[in-house]
Amino acid sequence: MEPLKKLLAGLLWLWMSAVIAGAFLYAPLARGFIGQSSRILFFHVPMAWVSFVAFIAAGIWSLRFLYGGRQPRHDRAAAAAVELGLTFGVLATVTGALWARVMWGAYWNWDPRQTSIVVALLFYGAYLALRSSLEDRDQRARLSAAYAVLGLVVAPFLFFIMPRIMFSLHPQSVINAQGKVEMEPRMVQVLLAGSAGATALFFWIHNLQCRLAALLERNSAPLE
Amino acid sequence: MVTGGIGWVVAVNLIIWTGLFLYLLRLGTRVRDLEKKS
């Protein structure tokens with residue numbers, strides 16, 4: 001590995017290790033939450049954030065595919081972003097369900113935020129279904145890019161608008177409806193650091209996934 | 001360190017994160033090797 005990449009990877013390891021330690025040892029417990037449950041926040045929110053970033057990135061790569069010379073690498077990047085967005089979305093849903101079990105007494109409550117993330121997962125699950133249903137490479141890339149561009153409207157609506165226009169049991173967002181941050185500063189620090197680190201992790205894994213997809217497309221090279 | 005205590009949870013999380021990190025490093029090396037070969 002090149003020295004700069006090695007350094008960046010090492011920094012990411014340190015950064016995320018500090019986030020983990022900070023989540024348990026530095027950030028205080030949030031008021032009004034049972035036991036230590038509020039610490040799930042430092043993992044749940046960054047995962048949901050990365051899921052959103054991934055879906056938006058997929059839309060942008062799809063736009064680049066459609067209007068930037070139809071390059072296969074943009075199609076691969078969009079598909080990889082959707083796969084990762086789904087993975088992080090599932091992790092956010094699971095951590096959210098665990099938190100809901102502690103706070104609300106049930107894993108699933110059909111809360112608007114729970115419902116909207118499931119709809120988002122179904123929407124992007126359909127993207128993968130669409131891809132796998134088309135054999136022609138060009139047609140698959142073109143149609144799935146158009147679908148992912150639609151996601152540029154759907155994802156912000158499901159992640160940010162729908163949960164705010166309906167009554168929700170979910171705790172207020174980090175930035176509330178008045179545009180203010182009502183959270184203990186140390187919690188905000190750990191949360192922002194965790195979100196930044198998780199975003200960097202996403203781009204790292206995404207890079208690896210795109211390179212693997214390129215290799216598989218080129219010569220179907222097995223890893224083992 | 002008490003099993004289930006905060007220190008224990010931090011240690012388990014760090015082990016999981018380090019495992020994932022090392023896996024990604026190794027995967028990166030293997031992908032680069034395959035890129036060189038192809």
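In this predicted model, the backbone oxygen of A:L158 lies 3.0 Å from a polar atom of the side chain of A:S116. A:S116 belongs to helix α4 of chain A. Its relative accessibility is 2%, and because the cut-off for a buried residue is under 20%, A:S116 counts as buried. Leaving out residues up to four places away in sequence, A:S116 touches A:L158, A:M162 and A:P163.

**The α4–α5 pair of chain A**

The axes of α4(A) and α5(A) are 10 Å apart, and the two helices pack at an angle of about 180 degrees. Angles over 145 degrees count as roughly antiparallel, and α4(A) and α5(A) are therefore roughly antiparallel to each other. By class, the residues in the contact of α4(A) with α5(A) comprise 18 nonpolar, three polar and four charged.

**The largest nonpolar core**

The largest nonpolar core has 64 residues. Those touching the most other members are A:F42, A:Y124, A:A155, A:L201, A:F202, A:W204 and B:W17.

Which residues does A:F202 contact, leaving aside its neighbours within four places in sequence? They are A:V50, A:V53, A:A54, A:A81 and A:L84. As a general matter, nonpolar side chains tend to be buried together in soluble globular proteins.

**Chain B**

Chain B contains one helix and zero strands. Its C-alpha atoms fill a box of roughly 50 × 10 × 10 Å, taken along the principal axes. Of the 38 residues in chain B, 24% are buried.

B:L14 is found in helix α1 of chain B. Apart from neighbours within four places in sequence, B:L14 is in contact with A:S17 and A:I20. Along chain B, B:L14 and B:L24 are separated by 10 residues in sequence, and their C-alpha atoms are 15 Å apart in space.

Terms used: Residues numbered from 1 in each chain as written. Chains lettered and ligands numbered in written order. Predicted model: local features only at pLDDT ≥ 70, side-chain atom pairs only at ≥ 80, totals over all residues. Heavy atoms only, no water. Core = buried A, V, L, I, M, F, W, Y, C linked by side-chain atoms within 4.5 Å. Buried < 20%, exposed > 50% of the residue type's maximum accessible area, 1.4 Å probe, protein only. Contact = heavy atoms within 4.5 Å. Axes fitted to C-alpha atoms, helices over the stretch in contact; angles between N-to-C directions. Helix = DSSP H or I, 4+ residues; strand = E, 2+ residues; numbered from the N terminus. Parallel < 35°, antiparallel > 145°, perpendicular 65-115°, else oblique. Nonpolar A, V, L, I, M, F, W, Y, C, P; charged D, E, K, R; others polar. Polar contact = N/O pair within 3.5 Å; in protein donor to acceptor, adjacent residues only side chain to side chain.
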